[in-house]
Amino acid sequence: MNAQALLARRVALYSLAALVLLLTVNVFGITRLEVQSRAVLWAISTLPLLLFLPGMLRGAWKSYAWMCFALLVYFQVFVTEVFRKPRDPVTLGLLVAVVLLFAAAMVFVRLRRKELAGTGA
């Protein structure tokens, strides 16, 4: 794997970690819900992202590509949340993390596919 692909992969993994962390802060910051309800909401919001983690850790470009499709839903939700609460730093952080993760994943997919096509794999 070339240096640019490795950098894109690292940025994507760190962005995923930031996204999960910010989702945790966001969900568990909802004080009007009971802890059990927050835990269920956290699982519903993070598990779809974490399903792609094993493939991402292996460096499988298809996992990154499929994750980008899932990220579109998160992007849509966070954009509407930013318009609803424009001064909330957690919501802005969630949107930035999704955009950064999407961009880094797409760069990784493009570079990795080009690299694999060049080697005949």
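1. K85 is partly exposed, with a relative accessible area of 30%, where buried means under 20% relative accessible area, exposed over 50% and partly exposed in between, for a 1.4 Å probe and protein chains only. The side chain of K85 meets that of D88 in a salt bridge with an N to O distance of 3.9 Å, a salt bridge being a side-chain nitrogen of Lys or Arg within 4 Å of a carboxyl oxygen of Asp or Glu. D88, at 22% relative accessibility, likewise counts as partly exposed.

2. On provenance, this is a predicted model, in which local features need pLDDT of at least 70 and side-chain atom pairs count only at pLDDT 80 or more, while totals for chains, interfaces and linings use all residues. Residues are numbered from 1 along each chain as its sequence is written, and side-chain values use heavy atoms, with hydrogens and water left out.

3. Turning to helix packing, the axes of helix α1 (residues 3–28) and helix α5 (residues 89–119) come within 8 Å and cross at roughly 155°; axes here are lines fitted to C-alpha atoms, for helices over the stretch in contact, and angles run from 0 to 180 degrees between N-to-C directions. The helices themselves are DSSP runs (H or I, at least four residues), numbered from the N terminus. α1 and α5 are therefore roughly antiparallel to each other, the term being used for angles over 145 degrees.

4. α1 passes α5 in a left-handed crossing, meaning that the near helix is turned anticlockwise from the far one by less than a right angle. The residues of this contact divide into 20 nonpolar, four polar and one charged, with Ala, Val, Leu, Ile, Met, Phe, Trp, Tyr, Cys and Pro counted as nonpolar, Asp, Glu, Lys and Arg as charged, and the others, Gly among them, as polar.

5. How many salt bridges does a search of the whole structure find? The search gives four, and one of them joins the side chains of E81 and R84 at 3.1 Å, N to O. E81 and R84 are three residues apart in helix α4 (residues 61–84), and so are separated by about one helical turn. E81 is partly exposed at 21% relative accessible area, whereas R84 counts as exposed at 56%. E81, R84, K85 and D88 are linked in a network of salt bridges.

6. In helix α5, R112 and E115 lie three residues apart, about one turn of the helix, and their side chains meet in a salt bridge of 2.7 Å, N to O. R112 is buried, with a relative accessible area of 17%.

7. The count of aromatic pairs comes to three, where rings of Phe, Tyr and Trp (its six-membered ring) pair if their centres lie within 6.5 Å, and planes under 30 degrees apart count as stacked, over 60 as edge-to-face and the rest as tilted. Among them, Y64 and F108 form a tilted pair, 4.4 Å centre to centre with 45° between the planes. This pair links distant parts of the chain, with Y64 in helix α4 and F108 in helix α5, 44 residues apart. Y64 is buried at 0% relative accessible area, and F108 is buried with a value of 0%.

8. Y74 and F78 form another tilted aromatic pair, 6.2 Å centre to centre with 50° between the planes. Y74 and F78 are four residues apart in helix α4, which means a separation of about one helical turn. Y74 counts as buried at 11% relative accessibility, and F78 is buried at 6%.

Conventions. Helices (H or I, at least four residues) and strands (E, at least two) are DSSP runs, numbered from the N terminus. Angles under 35 degrees count as roughly parallel, over 145 as roughly antiparallel, 65 to 115 as roughly perpendicular and the rest as oblique.
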